[in-house]
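User: I have a model open and would like to go through a few spots in it. Can you take some questions?

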Amino acid sequence: MEKLLMSSRNFSDLVWRQIYESSTYKLLEKKDPFFKIMSALDNLRVSADYNTGSIPSASAWGLYATTCLFKPCNIIEIGTFIGRSSIAMALGMADSGIKEGEVHTCDFSNDIKLPSIENASIIQYPMQSSTMMLEKIVAANPDGKKFDMVHFDGRLQKSDYDLLNGLRSPDMIFALDDFEGMEKGVINYINMKKTKLLDSYQLVLPPSPLLLRDFDFHDSSSTALLVPNSSFLLPG
Ligand SMILES: C[S@@+](CC[C@H](N)C(=O)[O-])C[C@H]1O[C@@H](n2cnc3c(N)ncnc32)[C@H](O)[C@@H]1O
């Protein structure tokens, strides 16, 4: 018998369609206030030591929607900068009813204080590397609290993999920014594949521009996801 072979592109857009659809219809009234907050964050650039790129609107809503759908309680992020991604995920947790959600986020070249979000905490590690942040989280975590989502918008360091492995829940969702060409998202993915972190995971490529247009996003997104097989349910 032949198998039903689904291409990575079709599979990825199927997953993203479900993610964007779930938030667009359920959380439509949240969209305007969400993007007002996102625009205001651009004003923080003046206080940057290292003024660099931030995520586009399609990625910000994609992260928000991913958080709303999977409902992680504890998130780790590499690459805070002006906080569009940190705030998008914190709002996703708060708006989906997660109580006392936490986003831990580091940036080794910036010290930009982010605004606070009601019902979610953003714990910043300014001027600190990912390894420094992960070591601090481990040291302050005697009860072995697990993290169920990460967003990498910086380059993982060699020492990060073991630390991450110790902090992850078995169904951790990975979101990787800059997943194109040989940019950092792809490099992080290649390096993670060499570890045990991604056994039993599906790669979800960034959403295609055509799909984004269906949800009224006219910029692009380079956010890829790694979703554990256990998070997929087939009908029937
Ligand atoms: C592209 S910016 C992040 C943009 C941010 N996510 C946003 O939405 O505004 C990446 C930042 O991460 C920092 N960075 C890169 N690798 C890092 C690492 N391993 N540890 C800490 N910071 C890192 C860079 O210096 C830079 O300031």
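User: What volume does the largest pocket have?
Analyst: About 590 Å³. This is a predicted model, so local features need pLDDT of at least 70, side-chain atom pairs count only at pLDDT 80 or more, and totals for chains, interfaces and linings use all residues. Residues are numbered from 1 along each chain as its sequence is written, and side-chain values use heavy atoms, with hydrogens and water left out.

User: How does the lining of the largest pocket split by class?
Analyst: 14 nonpolar, five polar and no charged residues. Ala, Val, Leu, Ile, Met, Phe, Trp, Tyr, Cys and Pro count as nonpolar, Asp, Glu, Lys and Arg as charged, and the others, Gly among them, as polar.

User: And the second largest pocket, what is its volume?
Analyst: About 450 Å³. Of the 26 residues lining the second largest pocket, T52, G79, D153, G154 and K184 are closest to its centre. The lining divides into seven nonpolar, 12 polar and seven charged residues.

User: Different topic. Where is S221?
Analyst: S221 is in the loop between α8 (209–214) and β7 (224–228).

User: Is S221 buried or exposed?
Analyst: Buried, because its relative accessibility is 9%; the cut-offs are under 20% for buried, over 50% for exposed and partly exposed in between, with a 1.4 Å probe and protein chains only.

User: What does the side chain of S221 make a polar contact with?
Analyst: The side chain of S59, at 2.9 Å. A polar contact is a pair of N or O atoms within 3.5 Å; within protein, one must be able to donate a hydrogen and the other to accept it, and residues adjacent in sequence count only if both atoms are side-chain atoms. The S221 side chain also reaches the backbone nitrogen of T223 at 3.2 Å.

User: What about phi of E100?
Analyst: E100 is not a glycine, yet its phi is positive, about 60°. Most residues other than glycine have a negative phi. E100 is in the loop between α4 (84–95) and β2 (101–107), and it counts as exposed because its relative accessibility is 71%.

User: Where is D178, and what is its phi near?
Analyst: D178 lies in the loop between β5 (168–176) and α7 (184–193). Its phi is positive, near 60°. D178 is buried, with a relative accessible area of 18%.

Key: Helices (H or I, at least four residues) and strands (E, at least two) are DSSP runs, numbered from the N terminus. On a 1 Å grid over the protein atoms alone, a cavity is a set of points where a 1.4 Å probe fits but cannot get out, and a pocket is an open set with protein on both sides within 12 Å along at least five of seven lines; lining residues have an atom within 4 Å of a point. Grid points are joined across faces, edges and corners, and a volume is the space filled by probe spheres set on the points.
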